[in-house]
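Work through the exercises below with the sequence and the model open. Each task is followed by a solution in steps.

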Amino acid sequence: MSSQPVSAPTRREQILREAARLFAERGFHGVGVDEIGAAVGISGPGLYRHFAGKDAMLAELLVGISERLHDGGRTRMEEAAAAGLSPEAALDALIDGHIDFALDDRPLITLHDRELDRLRESDRKQVRKLQRQYVELWVGAVQAIYPELTQLEARVAVHTVFGLLNSTPHLSGSSALPDRETTAALLHRLARGALSAAPAGAAGAGARAKPQGSVRT
């Protein structure tokens, strides 16, 4: 299968990427429009051709990543179902998608933790709604493998795994993480191990199971 060419980021995408990095490093109020503009090679006032202001950038960052996680998770589940993949393979796909986010969008994790309350109420409600829907995708995937779990137990397990995967911004320094492939594999094992420990008396079962991609019979 040939890979699709990666298109260069648009100016709007460049602005959002640098705004996320700067907001995460210095806090929302610690960054000025001029600094964001300088990071992408345009004047501060030039940013207003793309965004109404910093508040609009923050809203697009946090609502946008919530949409991307939810839509990506739903697509992975739909593709797994269409391909007749096992519940284990469907869960593995969800985990891999979240790991990509945790490794590639660490500034957005920091922004969500620190700045979500700065959004206007309508945007904050939209973020929360998308997050709930995303969690329920995972709850369904987990219960398909561990039907003995109640919805509440599965939901707690899912939130626990999110906390584990979303811890990557707290690791600082150039040597804090192994190479990306090794880190992704480690995070995947930890996530599956945590979920496999949720059912009473089933600890370790999922950790011993190899990811499956075969059609269920």
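**Exercise 1. A residue in its surroundings**

Task: find which residues Ile65 is in contact with, leaving aside its neighbours within four places in sequence.

Solution. Contact means heavy atoms within 4.5 Å. Under that rule, and with neighbours within four places in sequence left aside, Ile65 is in contact with Glu60, Phe101, Asp105 and Leu108. Helices here are DSSP runs of H or I with at least four residues, strands are runs of E with at least two, and both are numbered from the N terminus. Then check accessibility, where buried means under 20% relative accessible area, exposed over 50%, and partly exposed in between (1.4 Å probe, protein chains only). Ile65 has a relative accessible area of 7% and is therefore buried.

The model is predicted, so local features need pLDDT of at least 70 and side-chain atom pairs count only at pLDDT 80 or more, while totals for chains, interfaces and linings use all residues. Residues are numbered from 1 along each chain as its sequence is written, and side-chain values use heavy atoms, with hydrogens and water left out.

**Exercise 2. The overall make-up**

Task: state how many helices and strands the protein has, and what share of its residues is buried.

Solution. The count is nine helices and zero strands. Along the sequence this reads α-α-α-α-α-α-α-α-α. Of the 217 residues, 41% are buried. For contacts with a separation of 6 or more, 68% come from residues 24 or more positions apart.

**Exercise 3. Helix 3 against helix 6**

Task: describe how helix 3 and helix 6 pack.

Solution. Two packed helices are described by the angle between their axes and the distance between the axes. Axes are lines fitted to C-alpha atoms, for helices over the stretch in contact, and angles run from 0 to 180 degrees between N-to-C directions. For helix 3 (residues 54-82) and helix 6 (residues 121-145), the angle is about 20° and the axes are 9 Å apart. Angles under 35 degrees count as roughly parallel, over 145 as roughly antiparallel, 65 to 115 as roughly perpendicular and the rest as oblique. Helix 3 and helix 6 are therefore roughly parallel. Their crossing is left-handed, a term used if the near helix is turned anticlockwise from the far one by less than a right angle; clockwise gives right-handed. On the helix 3 side, the residues that meet helix 6 include Leu62, Val63, Leu69 and Met77; those on the helix 6 side include Val127, Leu130, Tyr134 and Leu137. The residues of this contact divide into ten nonpolar, six polar and three charged. In that division Ala, Val, Leu, Ile, Met, Phe, Trp, Tyr, Cys and Pro are nonpolar, Asp, Glu, Lys and Arg are charged, and the others, Gly among them, are polar.

**Exercise 4. Helix 5 and its partners**

Task: identify which residues of helix 5 are buried and what they pack against.

Solution. Helix 5 covers residues 106-115, and its buried residues are Leu108, Ile109, Thr110, Leu111 and Glu115. They pack against helix 1 (11-26), helix 3 and helix 4 (87-104). Now take helix 1: its angle to helix 5 is about 55°, with axes 9 Å apart. Helix 1 and helix 5 are therefore oblique to each other, and their crossing is left-handed. Ala20, Arg21, Phe23 and Ala24 of helix 1 touch Pro107, Leu108, Thr110, Leu111 and Arg114 of helix 5. That contact holds six nonpolar, one polar and two charged residues.

**Exercise 5. Helix 7 against helix 8**

Task: state which orientation helix 7 and helix 8 have to each other.

Solution. Helix 7 (residues 151-165) and helix 8 (residues 180-196) pack at about 160°, with axes 10 Å apart. They are therefore roughly antiparallel, and the crossing is right-handed. Ala157, Val158, Val161, Leu164 and Leu165 of helix 7 meet Leu187, Leu190, Ala191, Ala194 and Leu195 of helix 8. The residues divide into ten nonpolar, no polar and no charged.
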